[in-house]
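Hi,

Here is the structure I said I would pass on to you.

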Protein chains: 2
Amino acid sequence: MKIGVIGLGLIGGSLAKALRARTPHEVWGFDRCEETLVAACASESLQGVLSFSDLSSCQVIIIALPPVACLSFLREQAAKIAPKTLVIDCCGVKRSICKVGFEAAAKHGFHFIGGHPMAGREFSGFQAAQATLFNRAVMLLIPKADEDQAVIAQAEELFLSMGFVRVMQTSAEKHDEMIAITSQLAHLVSNAYVKSPRAGQHRGFSAGSFADLTRVARLNETLWTELFLENGDFLIREIDELTASLNEYRQAIQDGDAARLCALLKAGRECKEQQDEHR
Amino acid sequence: MKIGVIGLGLIGGSLAKALRARTPHEVWGFDRCEETLVAACASESLQGVLSFSDLSSCQVIIIALPPVACLSFLREQAAKIAPKTLVIDCCGVKRSICKVGFEAAAKHGFHFIGGHPMAGREFSGFQAAQATLFNRAVMLLIPKADEDQAVIAQAEELFLSMGFVRVMQTSAEKHDEMIAITSQLAHLVSNAYVKSPRAGQHRGFSAGSFADLTRVARLNETLWTELFLENGDFLIREIDELTASLNEYRQAIQDGDAARLCALLKAGRECKEQQDEHR
């Protein structure tokens, strides 16, 4: 099977490497950056460079572009995709992408399934890509309501063959609601946390909790700007709830109210314990 | 040398185990919980149980109690400590403890040095104690301004022999200011983060960033209530700065202002990169 990977950054590069390392498929790739293409070919992550005029030769196309570029690709290149082709994206937001993807698929006769690999690193670009990035990770799939079960099964099989431990189906709405708390708020808080004027002097005074809270502060601001803006409604709700919660603790500390503060901390500890049980 | 360890929770238990595993000293321990004492003796972490009437037989006393209990110990037992004894505490706040410790030491002729081992786990109690907990960790020491250099050197040597990679001297004020951002705010944010009504459904939708942000939500609320209240001034400043910062991102998202949001994220990413360079 010929698989085209559009975008060879951290995610696309890792998918290409995983496909080459673990499956018998032909992997062809595209990136707008010439240097990345040269590096990908040199690393033998690709069979060769895919040009958009050859999109129709692929049986599967995986789009690993940031949201805005992904939407442009779907709008501008959909006519070049052969009927029956399975097209899957990897964006961290799904409502806007799936809307455009489903419409393009209906118009041109291919299958579109929204996708989001639940894995990442605090580094970006092809040089950070790893064939093992998805080992033990979950792949989220968002098919349209009446998608052919055989097509969904094909997609599931493909991702399991790359090292994903599990494929989970969800809706674009549910995905975006959940990702606001499981990923977006984490990146936002971490990015804000390191701005404390004292954080720069942490050496010697910090241990695991500081390292953990601040790890993902190192993000690709161009990508995350797009992700946050595409999911503003759900993300703002999480920001508001977190700041309201922080202010409850703040008030208890201000008041010197040990019983209230202890109750707030206990409730958080119990939430965490319940959440870990459900793993 | 006979060393007394007062309090055999995570920190005291780990110190006792590290002393027994890596040094030739005699380690005697006290805990108000009978079961913990039995477990500690059974695990051969202790030479024996130390009663307060034998405090004068110790050349070194390490107090590993929560702040309020540590203050009580210093106030109530100081008269039983022999002159010249080196007394070090392990509390996560230092202004209040050092004030009382220095006064007691001056009155009774022993040496008091404030201490804070920069290591921990998200589990508490003797059963979580590990002889290796302090490997590669920094030990912070807060001696009084005119402390005898030989006494400080003795303390440094003792902690290095337990596996600490480095001993760093600081003031109680500086310690408390820094710990508010490097540890206390991290625990507070993590504890608040897991309270999102969506967090309980994270399974399948979460990866490393959620795990990292929420790890220390599992805290001992009794201990952390004391730590937060003893350091309220510095901690409230950090909470206020973080929530103000979060609101800047929130406003940019609300306004759909990509340039502003990107600039905020870039500034955070650059802070993080600078902080990592200084490691």
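This is a predicted model: local features need pLDDT of at least 70, side-chain atom pairs count only at pLDDT 80 or more; totals for chains, interfaces and linings use all residues.

Residues are numbered from 1 along each chain as its sequence is written, while chains are lettered from A and ligands numbered from 1 in the order in which they are written.

Back to strand 4 of chain B. How many bridges does strand 4 of chain B make with strand 1 (residues 2-6) of chain B? Four, and the two strands pair in the parallel sense; pairing takes at least two bridges found by DSSP. Another four bridges join strand 4 to strand 5 (residues 86-89) of chain B, again running parallel. On that side, Ile63(B) stands opposite Asp89(B) in strand 5 of chain B. To get from strand 4 to strand 5, chain B goes through helix 3 (residues 67-77), and this β-α-β crossover is right-handed. Right-handed here means that, with the strands pointing away from you, the path from the first strand over the helix to the second runs clockwise.

Is strand 4 of chain B covered on one face or on both? Both: Val60(B) and Ile62(B) on one side are buried, and so are Ile61(B) and Ile63(B) on the other. Buried means that 20 or more other C-beta atoms lie within 10 Å of the residue's own (12 or fewer is exposed, in between is partly exposed, and C-beta atoms are placed from the backbone). In a regular strand the side chains alternate between the two faces of the sheet.

Now zoom out to the sheet. Eight strands of chain B form an open sheet with mixed pairing, in the order 3-2-1-4-5-6-7-8. The edges are strand 3 (48-49) and strand 8 (166-169) of chain B, each pairing on one side only. Strand 1 of chain B also runs parallel to strand 2 (residues 26-30) of chain B, with five bridges between them; there, Ile3(B) stands opposite Val27(B).

Chain A next. Chain A has ten helices and eight strands, and its C-alpha trace spans about 70 × 40 × 30 Å along its principal axes. Of its 279 residues, 53% are buried. In strand 2 (residues 26-30) of chain A, four of the five residues are buried. Strand 2 of chain A pairs with strand 1 (residues 2-6) of chain A in the parallel sense over five bridges, and the bridge partner of Gly4(A) in strand 2 is Trp28(A). Those two strands and helix 1 (residues 10-22) of chain A make a right-handed β-α-β unit. The chain then crosses from strand 2 through helix 2 (residues 34-42) to strand 3 of chain A, also in a right-handed β-α-β crossover. Two bridges join strand 2 to strand 3 (residues 48-49) of chain A, which run parallel.

Where do the chains meet? 81 residues of chain A are in contact with 81 residues of chain B (contact means C-beta atoms, placed from the backbone, within 7 Å). Helix 9 of chain A gives the most to the side of chain A that touches chain B, with 15 residues.

Finally, a spot in chain B to click on. Helix 6 (residues 172-193) and helix 9 (residues 232-254) of chain B pack at an angle of about 60°, with axes 9 Å apart. That makes helix 6 of chain B oblique to helix 9 of chain B. (Under 35 degrees is roughly parallel, over 145 roughly antiparallel, 65 to 115 roughly perpendicular, and the rest oblique.) Leu242(B) lies in helix 9 of chain B. Why does Leu242(B) count as buried? Because Leu242(B) has 22 C-beta neighbours inside 10 Å. Leaving aside residues up to four places away in sequence, Leu242(B) touches Ala192(A), Tyr193(A) and Leu185(B).

Key:
Axes are lines fitted to C-alpha atoms, for helices over the stretch in contact, and angles run from 0 to 180 degrees between N-to-C directions. Two residues are in contact if their C-beta atoms, placed from the backbone, lie within 7 Å.
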